Amino acid sequence: MLVQTPTTRPFAVVTGASSGIGLELAKQFAAGGYDVLVAAEDEAVHDVPAQLAGTVTAEVLRTDLSTREGVEELWRVATAGGRAVDAVALHAGVGVSGTFVDTDLEDELQMVRLNVDAVVRLAKHATRHMVGRGEGRMLFTSSLAARVPAPHQAVYGASKAFVQSFAQALRQEVEGAGVVVTTFLPGPTDTEFFDRAGAQDTAMGQTSLKDDPAKVAKQAFAALQKGRDHVVTGSLATKVQGAVANLLPNKLTAKGQGKLAEPGSGD
Ligand SMILES: NC(=O)c1ccc[n+]([C@@H]2O[C@H](COP(=O)([O-])OP(=O)(O)OC[C@H]3O[C@@H](n4cnc5c(N)ncnc54)[C@H](OP(=O)(O)O)[C@@H]3O)[C@@H](O)[C@H]2O)c1
């Protein structure tokens, strides 16, 4: 892969692109003809360019996006030399599983820094940049957990409800300025997410019915390209779950969600 050669192709930034859905999103942007800047925290992000098809250029940045410095560095690299950013996928995120009385506060606050603070910080840069140019696309990774209270992932669920609300409000503000904001809501998807969240012993973590991250990313990218408001990604069953979550009272959905995410429920 070439690095930092100016091209006439559109340019996209993808955060959390080293594995799972984010890696598949990077593949979608590359296959769609975008040059990409992929960002993640660990060494594995350097393996991403070799996995992208096509003739696009791919740059890599290893940075901790849960910090102010990490997001500022990402934006500095993205816009180096006055480069225009055509699309941003604000995807990097983690979960913390467990019952709130037991979970570690610092783990949860660290998650909020990544899932919420970093998203707002990066979105601020991207919004000003794109509104200034009169065009651009932002793809926010939400979750079905944004639609229902999420017992045993209470802070995680709230972080995704924040992203969903924030992005949909932002969409209204910027649509007259030529900027598209799309959210996608995955259900359980087969990635490292559950291991990282400490949810291996839950029914949700152990289900064999998880969605394919490649399919999820394909649907998310298509929704962004079509300028859609949001999309529930994955299988038909996940989409039905998303629709039903909108209809049932929170009290009921919280019970169902809580059973699936309860520690030990998978044993
Ligand atoms: N999988 C699901 O069931 C599911 C369902 C709904 C929503 N989501 C959303 O999808 C995202 C997680 O993606 P995934 O499921 O594909 O999980 P994943 O494979 O664990 O990917 C998480 C990505 O985020 C990056 N990341 C984590 N901490 C970071 C940090 N401090 N700085 C920079 N990058 C960081 C990881 O990079 P490193 O490895 O370098 O840390 C990795 O690239 C989250 O936003 C989550 O809310 C997932």
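Q: What makes Lys215, Lys226, Arg228 and Lys239 a patch of positive charge on the surface?
A: Lys and Arg count as positive. A patch takes residues with over 30% relative accessible area and no salt bridge, and like charges are joined within 9 Å. A salt bridge is a side-chain nitrogen of Lys or Arg within 4 Å of a carboxyl oxygen of Asp or Glu. Lys215, Lys226, Arg228 and Lys239 gather in such a patch.

This is a predicted model, and local features need pLDDT of at least 70, while side-chain atom pairs count only at pLDDT 80 or more. Residues are numbered from 1 along each chain, and side-chain values use heavy atoms.

Q: Why is Lys239 called partly exposed?
A: Buried means under 20% relative accessible area, exposed over 50%, partly exposed in between (1.4 Å probe, protein chains only). Lys239 has 30% relative accessibility, so it counts as partly exposed. Lys239 is in helix α8 (residues 236–247).

Q: Why is the aromatic pair of Tyr34 and Phe221 called edge-to-face?
A: Rings pair if their centres lie within 6.5 Å, and planes over 60 degrees apart count as edge-to-face (under 30 stacked, the rest tilted). Tyr34 and Phe221 are 6.3 Å centre to centre, with 80° between the planes, so the pair is edge-to-face. The pair links distant parts of the chain, 187 residues apart.

Q: How do you know whether Tyr34 is buried or exposed?
A: Tyr34 has 6% relative accessibility, so it counts as buried. Phe221 is buried too, with a relative accessible area of 9%.

Q: Why is His152 called buried?
A: Its relative accessible area is 17%, so His152 is buried. His152 lies in the loop between β5 (136–141) and α4 (154–174).

Methods
Patch = residues over 30% accessible without salt bridge, like charges linked within 9 Å, V, L, I, M, F, W, Y side chains within 5 Å. Areas by Shrake-Rupley, 256 points an atom, 1.4 Å probe, with all protein chains shown as cover. Charge placed at Lys NZ, Arg CZ, Asp CG, Glu CD. Helix = DSSP H or I, 4+ residues; strand = E, 2+ residues; numbered from the N terminus. Phe/Tyr/Trp six-rings, centres within 6.5 Å; stacked < 30°, edge-to-face > 60°.
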